[in-house]
Amino acid sequence: MKFIFFFLTVILVNLCFASDKKEGRFFEDQPDVTDDYQIHFIYMLDKNGKDNELDLNGEMESMVEEMNEKMFELTGNKQKYKLDYRLDGKLDISFVRLDVKGRKEGWNNNYPDFFIQNLGFNNPKKLYFSFVDSFTHRDSGQMGTHSGYTFMKRAGSREEIIKITIHELLHGQGFSWKCTKGNTNGHVSGPSVLSNQNNQYILGKMIYEHGDESCPDLKDSIYMTPTSADPFDPLPMVCHLAERSGRAHGGTYGFEDQWPARYDHKKFKKIRKNSYWCTYKLDEFADPMWFKKWKK
């Protein structure tokens, strides 16, 4: 069944791409400058979305670079994210057009995650982040620990797009964790760009350089540069918690032995049922019926 569904998806995508082929546009992840962990960006449209060429005209690259400079500022000019660059020095941005119409509600078992993974965007050493340009959504952004999205039409201004992307990329590092001070369902209660109530342009001591060695600190994420002397990788950690919570989506991720011993304390011992979700390997485990609300 998986093979049949994958074959149909590829055919539909190739048909959609026929009018999108333009000079300087890339449909696949380009050769990397480094094999280090890094964040890869995608310019995403739905089936009928208008192509504003943000991957070609420099606008998306400019926003991503501005976002990363803002992260540098928020860390006290100490760190920023590791971004995926091409060999020519330009930010590596891929173009993806979904084979379905966009949806304003939910994310329905993460069909876009499933879709891009089938296209080959499934490297466990990369986070995949899409700027969605062609349809609105009830949320301004979403992210797990493998792929995320900023819905540009919902966000509105350039400043909000950048702010939302910063917020979502923090979710991509696993924040907020159960042990994070002020954790409230993945966000924080204090002033921070990760707070839904006090959404200020600061990281907050609960996220960066909080001093609690038993709880993940953003400075130690493997996706930050300069790299910490003792980094953590959020993907195997969150997927491990998903398996323990009974919400692994049909298989095992193979990360059982990759939980850092320094975080093995009481707040991670009791895991509420279905409290974590991991979309890594969704292309291998997903039942196509999960996505029946996405219309062709």
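Q: Which residues of α3 are buried?
A: Buried means under 20% relative accessible area, exposed over 50%, and partly exposed in between, with a 1.4 Å probe and protein chains only. In α3 the buried residues are Tyr 111, Pro 112, Asp 113, Phe 114, Phe 115, Ile 116, Gln 117 and Asn 118. That is eight of its eight residues, and α3 is mostly covered. Just after α3, Gly 120 has a positive phi of about 110°. Helices (H or I, at least four residues) and strands (E, at least two) are DSSP runs, numbered from the N terminus.

Q: What kind of model is this, and how are residues numbered?
A: The model is predicted: local features need pLDDT of at least 70, side-chain atom pairs count only at pLDDT 80 or more, and totals for chains, interfaces and linings use all residues. Residues are numbered from 1 along each chain as its sequence is written, and side-chain values use heavy atoms, with hydrogens and water left out.

Q: What span should helix α5 have?
A: The expected span of a helix is 1.5 Å times one less than its number of residues. For the 15 residues of α5 (residues 158-172) this gives 21 Å, and the end C-alpha atoms are 21 Å apart, which agrees. Gly 174, which follows α5, has a positive phi near 100°.

Q: Why is α5 described as largely enclosed?
A: Because 12 of its 15 residues are buried, α5 is largely enclosed by the rest of the structure. Among the buried ones are Ile 161, Ile 162, His 167 and His 171.

Q: How much space lies in the largest pocket?
A: Rolling a probe the size of a water molecule over the atoms shows where empty space is left. On a 1 Å grid over the protein atoms alone, a pocket is an open set of points where a 1.4 Å probe fits, with protein on both sides within 12 Å along at least five of seven lines; lining residues have an atom within 4 Å of a point. Grid points are joined across faces, edges and corners, and a volume is the space filled by probe spheres set on the points. The largest pocket holds about 1400 Å³.

Q: Which residues lie nearest the centre of the largest pocket?
A: Of the 44 lining residues, Met 143, Gly 144, His 171, Asn 185 and Gly 186 lie nearest the centre. The elements giving two or more residues to this lining are β5 (141-143), β6 (147-151), α4 (152-155) and α5. The most comes from α5, with six residues.

Q: How is an aromatic pair described?
A: A pair of aromatic rings is described by the distance of the centres and the angle of the planes. Rings of Phe, Tyr and Trp (its six-membered ring) pair if their centres lie within 6.5 Å; planes under 30 degrees apart count as stacked, over 60 as edge-to-face and the rest as tilted. The count here is 24 aromatic pairs. Phe 41 and Phe 131 are edge-to-face, 6.1 Å centre to centre with 80° between the planes. Phe 41 is in strand β1 (residues 38-45) and Phe 131 in strand β4 (residues 126-132), 90 residues apart. Both Phe 41 and Phe 131 are buried. Trp 107 and Trp 294 are also edge-to-face, at 5.3 Å and 70°.
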